2 protein chains.
Amino acid sequence: MSQKPKQVAIVGSGLVGSLLAIFLRKAGHAVTVFDRRPDIRTVEFSGRSINLAMSNRGWKALRQAGIEEEVRKLAIPLYQRAMHVSDEPVYYQKYGKEEEAIWSISRGVLNRRMIDLAEAAGASFRFSEKVWDVDLPTARLFTGETEKGEWEEYAFDHVFGCDGAFSRVRHKMQRRSRFDYSQDFIDVGYKELTIPPNADGSHKLDKHSFHIWPRGRFMFIAMPNLDGSFTCTLFLPFEGEVSFEKIQTRDDARDFFRKYFPTVTPDIENLTGDFFRNPTSALVTIRCYPWTYWDKVALVGDSAHAIVPFYGQGMNAGFEDITVLTGLMQQHGGDWERVFSEYQARRKPNADAIAELSYRNFVEMSSRTADPEFLLQKKIERHFANAYPDKWIPAYSRVTFSDRPYAEALAMGDRQEAIMREVMQMPDLENRWDSPEVTNRILELLDQQPVAAGK
Amino acid sequence: MSQKPKQVAIVGSGLVGSLLAIFLRKAGHAVTVFDRRPDIRTVEFSGRSINLAMSNRGWKALRQAGIEEEVRKLAIPLYQRAMHVSDEPVYYQKYGKEEEAIWSISRGVLNRRMIDLAEAAGASFRFSEKVWDVDLPTARLFTGETEKGEWEEYAFDHVFGCDGAFSRVRHKMQRRSRFDYSQDFIDVGYKELTIPPNADGSHKLDKHSFHIWPRGRFMFIAMPNLDGSFTCTLFLPFEGEVSFEKIQTRDDARDFFRKYFPTVTPDIENLTGDFFRNPTSALVTIRCYPWTYWDKVALVGDSAHAIVPFYGQGMNAGFEDITVLTGLMQQHGGDWERVFSEYQARRKPNADAIAELSYRNFVEMSSRTADPEFLLQKKIERHFANAYPDKWIPAYSRVTFSDRPYAEALAMGDRQEAIMREVMQMPDLENRWDSPEVTNRILELLDQQPVAAGK
């Protein structure tokens with residue numbers, strides 16, 4: 001259906017804002033993107049980013065926007081996890097079937113390219129222009145140097161809040177009655193570090209792996225960049241026995257790394273310098289509802305549903321918002337009220353599901369990876385999934401390599417968990433975990449358990 | 001322990017703010033109370049209030065402040081619920097033992113008196129002065145006519161945010177990293193209505209009862225005032241088959257009341273006028289943490305833990321915050337950092353518990369009061385509690401007539417619920433609910449269930 005061209009404002013020039021700008025320009029709308037920060041193409045990165053893991057949902061949105069190939073050039077496929085367990089040789093876990101991979105991309109590199117592409121599509125960007133207020137019923141924006149100073153006023157037909165976890169647009173919606181909202185921080189923070197390339201420009205670790213040094217309550221990860229370097233992230237509790245709070249001096253930092261990550265420590269560039277220069281960032285889950293105001297204002301991406309990064313789905317979920325939103329625009333033409341209302345109704349349960357899955361992954365990594373019972377369960381699940389790949393699709397695959405709803409992945413995962421709770425009651429499981437009895441018990445339970453039981 | 005007198009600001013002149021002012025004046029501090037609204041003693045009530053039910057925790061705080069007797073004069077004891085079930089005679093449920101009562105007080109009447117008492121104690125009030133910003137580390141307040149206009153700056157030693165569910169002080173804390181926060185609205189709103197006195201000044205309904213007209217998803221309540229009137233509240237879903245949304249005209253309102261509340265409708269004053277003049281208000285649960293910033297800023301009452309009103313504990317919980325806070329001040333003298341840190345650690349689990357209990361009462365009233373199974377369970381519990389009052393203290397009594405922690409009431413209530421789940425499995429219960437077998441089964445389960453199982 002054809003749509004009447006509209007004046008659209010997007011607040012936030014991050015990944016979601018710039019992708020939405022491309023879609024809306026293709027639909028013929030006039031698009032202005034505001035960002036309170038300077039043009040990311042003109043400044044250094046912040047030293048607080050975790051590399052992105054683009055997977056199926058992200059690629060699908062990029063494909064529809066016609067920029068998939070452009071972005072592939074920036075990405076490195078990771079076919080497996082490389083697990084660096086203490087005092088053990090590295091072992092590898094494939095993510096999925098042969099060609100299935102997640103793709104490592106530097107947030108800064110991708111964001112710069114996306115802004116180039118959005119500009120090329122005709123979107124205009126207003127950087128370093130701070131939006132302080134939004135008049136929701138009239139879709140007017142107010143910008144200025146300071147919150148208390150003079151403000152400029154802009155009138156639009158529609159405003160999209162793509163301004164991230166601490167969204168100013170949502171902040172305005174939040175002050176209204178009957179707006180449900182929560183922000184929950186976890187007690188673990190993170191810090192960015194770097195492994196530089198070898199002298200010849202090659203990668204110091206296998207470049208097609210997602211490297212993980214799991215240590216229970218904390219962990220270190222490394223993801224490759226095109227230039228041969230790795231962007232690394234230390235996840236560590238803020239307080240407690242082993243924590244950021246306990247690392248106060250350069251010696252503390254060096255001792256901590258040598259003790260817990262001896263094999264990778266020599267490779268980290270300027271460890272003690274970066275440790276104290278780069279910020280320790282917090283991780284938050286944000287839920288809210290509604291996401292829209294009439295046909296005037298809509299939240300997209302982190303502003304509507306910030307999640308912890310332990311499923312690698314933050315950007316993918318935001319991009320999928322755009323797939324759904326622009327699909328509805330094509331379906332319902334100029335009826336933006338209907339588009340916005342269906343958009344939030346369809347996306348909210350899926351945003352809640354990926355938030356839950358991401359948080360569970362955090363809990364699992366923090367507390368269960370050292371539990372022999374849990375490791376045995378995972379071993380049984382893998383064994384069964386290999387034997388019956390159609391009967392047992394792991395939640396990870398549903399989330400990462402399909403575009404079925406997140407809520408479905410959560411429900412099916414709950415169902416599998418219920419089945420495994422039964423299976424784990426079987427006696428002498430350590431010695432017969434790969435026996436036909438165990439396999440048959442799972443098959444039996446799969447037949448018994450109605451699919452809806454997962455909910 | 002003696003304390004050095006401090007300059008203290010209290011934001012909010014509501015019940016909690018004015019009671020805290022009295023306590024801090026008694027401890028010798030200089031107290032300034034700010035309120036963005038005009039002096040409630042000089043204006044009409046808002047028509048959006050639910051009468052207060054002062055119970056044990058509230059009285060305890062007032063006693064310690066030395067104003068219990070003053071406040072008793074404003075209150076009417078309610079010894080029982082008067083249940084007005086459709087097409088049945090009114091029946092009464094006593095709240096507790098002989099002398100146990102909750103006390104009905106008009107919010108406006110109490111608030112005016114409390115401000116008088118706080119002024120008499122030497123607190124100074126700055127009404128119609130809007131606090132726009134708080135500098136947390138320095139306890140400075142900024143006030144002014146408008147958010148964007150000129151601001152006045154005040155420096156204090158400590159700031160208390162007693163500014164209610166939509167607290168400006170908390171709002172400032174909320175923008176910091178690692179501040180957990182949630183606001184959850186229920187789908188039911190409320191509206192204030194009035195039953196006037198008889199011509200001779202007497203009450204139209206029994207004045208020592210809390211009157212309830214339960215109708216499943218909605219209900220009407222009435223609480224007496226000293227002047228012979230009743231302050232009434234209609235709780236009703238915002239949307240749906242029977243809802244505020246469906247009542248658009250005076251005829252709709254009249255028809256609704258005649259259909260569902262025929263016995264009380266003739267007594268309601270100016271029903272259709274008030275229905276459209278008084279606002280429909282929303283109900284929210286607010287949780288957050290931390291409640292304090294160093295030794296500088298603390299949230300007290302609804303600003304820290306707004307709850308839905310279905311347990312009658314909102315004000316009581318806020319007053320109990322003050323009992324605990326001022327108790328810690330006496331204990332730790334001038335060590336305000338320790339006072340604030342122990343205050344929030346002690347109160348947070350109890351605030352969460354009363355929030356949960358209040359929300360459960362809403363769910364129970366909305367969905368379970370029509371369930372025969374539930375009514376049978378309640379009958380069994382009452383029967384057992386009468387026979388063994390020391391072994392079965394209902395959660396309502398723990399909350400309302402004791403000063404044991406709310407968290408304990410919740411845990412013990414959960415334990416009772418677990419026991420009753422077992423009991424309700426007994427066959428033929430309808431015909432032998434008051435038999436010795438049932439009583440013995442409960443005694444047996446009480447012996448089996450460790451107390452901690454309630455958690």
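Which residue in β10(B) is the bridge partner of B:Asp133? In β10(B), that partner is B:Phe142. The rest of this report walks through the sheets, helices, backbone details and chain relation around this pairing.

## About the model

This is a predicted model, in which local features need pLDDT of at least 70 and side-chain atom pairs count only at pLDDT 80 or more, while totals for chains, interfaces and linings use all residues. Residues are numbered from 1 along each chain as its sequence is written, chains are lettered from A and ligands numbered from 1 in the order in which they are written, and side-chain values use heavy atoms, with hydrogens and water left out.

Strand β9 (residues 130-135) and strand β10 (residues 140-144) of chain B run antiparallel and are joined by five bridges. Strands here are DSSP runs of E with at least two residues, helices are runs of H or I with at least four residues, and both are numbered from the N terminus. Two strands count as paired if DSSP finds at least two bridges between them. β9(B) and β10(B) make a hairpin with four residues between them, and in the turn B:Ala139 has a positive phi of about 55°.

Strand β10 (residues 140-144) of chain A pairs with β11(A) over four bridges in the antiparallel sense, and here A:Leu141 stands opposite A:Tyr154 in β11(A).

## A second sheet in chain A

Another open sheet of three strands in chain A has the order β3-β7-β4, and its pairing is antiparallel. At its edges stand β3 (52-54) and β4 (76-78) of chain A, each with a single partner strand, so one side of each is left without a neighbour in the sheet. Neighbouring strands of this sheet are turned by 40° against each other on average, direction ignored.

β4(A) runs antiparallel to strand β7 (residues 102-105) of chain A, and three bridges join them. Facing A:Ser104 in β7(A) is A:Ile76. As background, strands of a sheet pair through backbone hydrogen bonds, either parallel or antiparallel.

## Two helix pairs

In chain A, helix α1 (residues 15-26) and helix α9 (residues 314-332) pack at an angle of about 20°, with their axes 10 Å apart. Axes are lines fitted to C-alpha atoms, for helices over the stretch in contact, and angles run from 0 to 180 degrees between N-to-C directions. α1(A) and α9(A) are therefore roughly parallel to each other (angles under 35 degrees count as roughly parallel, over 145 as roughly antiparallel, 65 to 115 as roughly perpendicular and the rest as oblique). Among the residues that meet are A:Leu19 and A:Phe23 in α1(A), and A:Phe319 and A:Ile322 in α9(A); contact means heavy atoms within 4.5 Å. By class, this contact has 11 nonpolar, two polar and no charged residues. Ala, Val, Leu, Ile, Met, Phe, Trp, Tyr, Cys and Pro count as nonpolar, Asp, Glu, Lys and Arg as charged, and the others, Gly among them, as polar.

In chain B, the axes of helix α10 (residues 336-368) and helix α13 (residues 406-423) come within 7 Å and cross at roughly 45°. α10(B) and α13(B) are therefore oblique to each other. Their contact includes B:Arg347, B:Glu356 and B:Arg360 in α10(B), together with B:Tyr406, B:Leu410 and B:Asp414 in α13(B). The residues of this contact divide into eight nonpolar, one polar and six charged.

## Backbone details

The peptide bond from A:Tyr289 to A:Pro290 is cis, with omega near 0°, and A:Pro290 lies in the loop between β18 (284-289) and β19 (292-293) of chain A. In chain B, a cis peptide bond joins B:Tyr289 and B:Pro290, with omega about 0°.

A:Ser128 is not a glycine, yet has a positive phi of about 50°. A:Ser128 sits in the loop between β8 (124-126) and β9 of chain A.

## How the two chains relate

A rotation of 180° with 0.1 Å of shift along its axis superposes chain A on chain B, with an RMSD of 0.0 Å. That is the relation of a two-fold axis. Copies are superposed by least squares on the C-alpha atoms of residues with pLDDT of at least 70 in both.

Of the residues of chain A, A:Ser182 comes closest to the rotation axis, with its C-alpha at 1.9 Å. The copies meet through the same surface, because 100% of the interface residues of chain A are also interface residues in chain B.
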